[in-house]
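Me: I'd like to learn how to read salt bridges in a model. Could you walk me through some?

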Amino acid sequence: MMLGDLGADVIKVERPGLGDETRGWGPPFDADGESAYFLAINRNKMSLAADLSEETDRATVLELIRGADVVLENFLPGSLGRLGLDPDELLEENPDLIWCTISGFGPDSARPGYDFVIQAECGWMSITGERGGAPMKVGVALADVIAGKDAAVAILAAIVERSAGSLAIDKRRINISLADCARAALVNVAQNVLVSGNDAKRWGNAHPNLVPYQLFDAADRPVVIAVGSDGQWRACASALGLSDLAADESLATNAGRLANRDRVVASLAGRVREMGAQYWVERLQSVSVPCGLVRTVAETLEVTDADARTGVRPSVPGSVRMPPPKLDEHGDAIRTMGWRAFPP
């Protein structure tokens, strides 16, 4: 979808009859019977239903591959080769083709990989949730999202490198695994473990390395205060009317505040509870302290360009050109005209 947002012509090849499994991942379904899950990630694509085990459909897909810049797929290892669509052979045949496989656990593993499993196996659930509570997944299928973004980056990098000259097969054969992407996305949490030798743990809405950097309950609703520098700390304490903390030399550095986490958090929690969240947000923002209300998804969408058919607007400098397709909506045109089925 991101590549489509950026202007790529994208043909989505689906199984006849059922199509993409996420078409059935509901309710909710819209008035046309499409699941919200499918609608969220399938704009700017044309749909072709094709049975890859059937000779005519396979020939259609092969012809599309021969005219493509990029093939993106998530078949288990060896599956396409058995269907007569071997990636290595097709890359040899077309020296300009870029082939990206997204898998759960890499090209040498036949394990299927869903986001939930990846979050469990790659450490995310062990650091998500309340302190002392049960492991918890992230509320969005974020491992899937990150892998998709990583794939888009890798594909675009290969296209740029290809534009400078011929590209060896190993550079045109991209393997993205959800597990690799999820492990890399541990970033500073992983580095904490590597440097300290101590395993990471759950911190709820607090931060292992920064204080104060967490959720606080105001008089009416929760508010987040995220202090990332010593200057912000002094401004924060002063804005909250905690001048004694602002002047306390033992709290002047983040390391000092980390050592006195309980005292700092208790002082802020007591003060923030006295007034409404918007009052504190305005005071803190006036002195450039990062903070924010905890908004619901519905509240967020009220101030976001979003549509029930095409989803939330592109996060990249792209555009919405087509709504998500019905299954095989463009099949006849694609079978007849191939890539010319796209409007100029």
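Me: Which residue forms a salt bridge with glutamate 161?

Reply: Start with the idea: side chains of opposite charge can pair when their charged atoms come close. A salt bridge here is a side-chain nitrogen of Lys or Arg within 4 Å of a carboxyl oxygen of Asp or Glu. Glutamate 161 pairs with lysine 171, with 3.1 Å between the closest N and O atoms. Glutamate 161 sits in helix α7 (residues 142-163) and lysine 171 in helix α8 (residues 169-172), so the pair ties together parts 10 residues apart in sequence. Helices are DSSP runs (H or I, at least four residues), strands likewise (E, at least two), numbered from the N terminus.

Me: What should I know about the model itself?

Reply: It's predicted: local features need pLDDT of at least 70, side-chain atom pairs count only at pLDDT 80 or more, and totals for chains, interfaces and linings use all residues. Residues are numbered from 1 along each chain as its sequence is written, and side-chain values use heavy atoms, leaving out hydrogens and water.

Me: Are arginine 43 and aspartate 5 buried or exposed?

Reply: Buried means under 20% relative accessible area, exposed over 50%, partly exposed in between (1.4 Å probe, protein chains only). Arginine 43 is buried at 2%, and aspartate 5 is buried at 3%. Their side chains meet in a salt bridge (2.9 Å, N to O).

Me: Which residues are linked in a network of salt bridges?

Reply: Glu14, Arg23, Glu34 and Lys326. Within it, glutamate 34 and lysine 326 have their closest N and O atoms 3.9 Å apart.

Me: And how many salt bridges does the structure hold?

Reply: It holds 18.
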